[in-house]
Amino acid sequence: MGMGYMVLAGIIMLMSWFVSNRLKSKFEFYSKLHLQNGMSGAEIAEKMLADNGIYDVKVISTPGQLTDHYNPADKTVNLSESVYNQRNAAAAAVAAHECGHAVQHATAYSMLQLRSKLVPIVSFASNIVQWILLAGILMVNTFPSLLLVGIVIFSATTLFTIITLPVEYDASNRALAWLKNKNMVNQAEYAGAEDSLKWAARTYVVAAIGSIGTLLYYISIFMGRSNDE
């Protein structure tokens with residue numbers, strides 16, 4: 001792959017490790033900041049949905065840590081067991097954030113709709129793109145079009161990571177606005193929720209940067225081959 005790729009991969013891995021560790025430490029810290037209102041993550045989620053006039057979305061518990069997500073296909077807010085049951089600032093932040101996605105779905109938020117349309121394309125592309133890119137690099141001097149095909153397919157996955165950014169930030173903004181406007185948290189709890197979501201969002205930023213960097217690397221290989229002709 002070359003020294004350039006190794007350096008790029010190393011930088012991205014270091015960034016990902018740093019952000020992931022900070023996120024974990026933030027959630028551990030704010031998990032100790034218990035909510036004054038005594039509500040669990042599940043109760044927070046159910047109230048936010050009701051306050052937004054959403055009654056066809058279920059709040060359910062799902063196994064694992066940081067496995068929280070909103071599923072638009074079956075309209076469920078899936079909260080990890082700790083978030084579902086616990087009554088702290090971190091749980092409130094995550095629960096409200098996932099409900100933010102439900103609100104996006106209910107209001108036909110354009111970026112969420114666009115991302116949803118890309119899901120089947122990205123799911124298919126992610127299964128084959130690395131093999132095509134690897135073969136394309138090995139055959140770049142004899143069959144350069146194969147690498148170009150890989151670049152085009154990989155571009156779809158990069159686009160997905162970029163579109164994910166406004167979707168995630170908007171969901172967090174909706175969550176924080178609701179927590180504040182409905183007086184669900186006090187000042188310290190709000191600061192903890194805001195900080196937790198800030199670091200969660202940065203994981204998507206790192207993913208997007210990594211995808212863009214990798215895409216540019218493959219493009220440079222293809223362009224370098226073209227310039228040699």
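Helices here are DSSP runs of H or I with at least four residues, numbered from the N terminus. Keep that in mind for the first stop, on a model that is predicted.

**Stop 1: the end of helix 2**

Select Gly53. This residue sits just after helix 2 and takes a positive phi of about 70°. Now step back into the helix itself, residues 41-51.

**Stop 2: the buried side of helix 2**

Select Gly41, Ala42, Ile44, Ala45, Met48 and Leu49. These are the buried residues of helix 2. They cover an arc of only 160° around the axis, so they lie on the same side of helix 2. What covers them? Show strand 1, strand 3 (76-80), helix 3 (81-85), helix 4 and helix 6, which are included in the cover over the buried residues of helix 2.

**Stop 3: helix 2 against helix 6**

Angles of 65 to 115 degrees count as roughly perpendicular, which is why helix 2 is described as roughly perpendicular to helix 6. On the helix 2 side, pick Ile44, Lys47, Met48 and Asp51; on the helix 6 side, pick Arg174, Ala175 and Trp178. Color this contact by class: there are 4 nonpolar residues, no polar ones and 3 charged ones.

**Stop 4: salt bridges in the two helices**

The structure holds 7 salt bridges. Begin with Lys47 and Asp51, whose side chains meet at 3.4 Å, N to O. They are 4 residues apart in helix 2, so about one helical turn separates them. Lys47 is partly exposed, at 31% relative accessibility. Asp51 is partly exposed too, at 32%.

Move to helix 6 and select Asp170 and Arg174. Their side chains form a salt bridge of 2.5 Å, N to O. Both residues lie in helix 6, 4 residues apart, about one turn of the helix. Is Asp170 buried or exposed? At 19% relative accessibility, Asp170 counts as buried, because the cut-off for buried is under 20%. Arg174, at 26%, counts as partly exposed. Elsewhere, salt bridges that share partners join Lys26, Asp195 and Lys198 into one network.

**Stop 5**

Select Lys75 and Asp56. They form a salt bridge, with the closest N and O atoms 2.7 Å apart. This pair links distant parts of the chain, 19 residues apart: Lys75 is in the loop between strand 2 and strand 3, and Asp56 is in the loop between helix 2 and strand 1. Lys75 is partly exposed, with a relative accessible area of 30%. For Asp56, also partly exposed, the value is 46%.

Ala106 lies in helix 4, residues 89-106. At 56% relative accessibility, Ala106 is exposed.

**Stop 5**

Select Leu66. This residue is in the loop between strand 1 (58-62) and strand 2 (69-71). Leu66 is exposed, at 59%.

Next, select Asn183, in the loop between helix 6 and helix 7 (187-228). Asn183 is not a glycine, yet has a positive phi of about 55°. With 64% relative accessibility, Asn183 counts as exposed.

**Last stop: Thr164**

Go back into helix 6, residues 144-181, and select Thr164. This residue is buried, at 5% relative accessibility. Which residues does Thr164 touch, not counting those up to four places away in sequence? Show Arg115 and Tyr204: Thr164 touches both.

Notes:
Residues are numbered from 1 along each chain as its sequence is written. This is a predicted model: local features need pLDDT of at least 70, side-chain atom pairs count only at pLDDT 80 or more; totals for chains, interfaces and linings use all residues. Side-chain values use heavy atoms; hydrogens and water are left out. Buried means under 20% relative accessible area, exposed over 50%, partly exposed in between (1.4 Å probe, protein chains only). Contact means heavy atoms within 4.5 Å. Axes are lines fitted to C-alpha atoms, for helices over the stretch in contact, and angles run from 0 to 180 degrees between N-to-C directions. Angles under 35 degrees count as roughly parallel, over 145 as roughly antiparallel, 65 to 115 as roughly perpendicular and the rest as oblique. Ala, Val, Leu, Ile, Met, Phe, Trp, Tyr, Cys and Pro count as nonpolar, Asp, Glu, Lys and Arg as charged, and the others, Gly among them, as polar. The arc is that of the directions from the helix axis to the C-beta atoms. A salt bridge is a side-chain nitrogen of Lys or Arg within 4 Å of a carboxyl oxygen of Asp or Glu.
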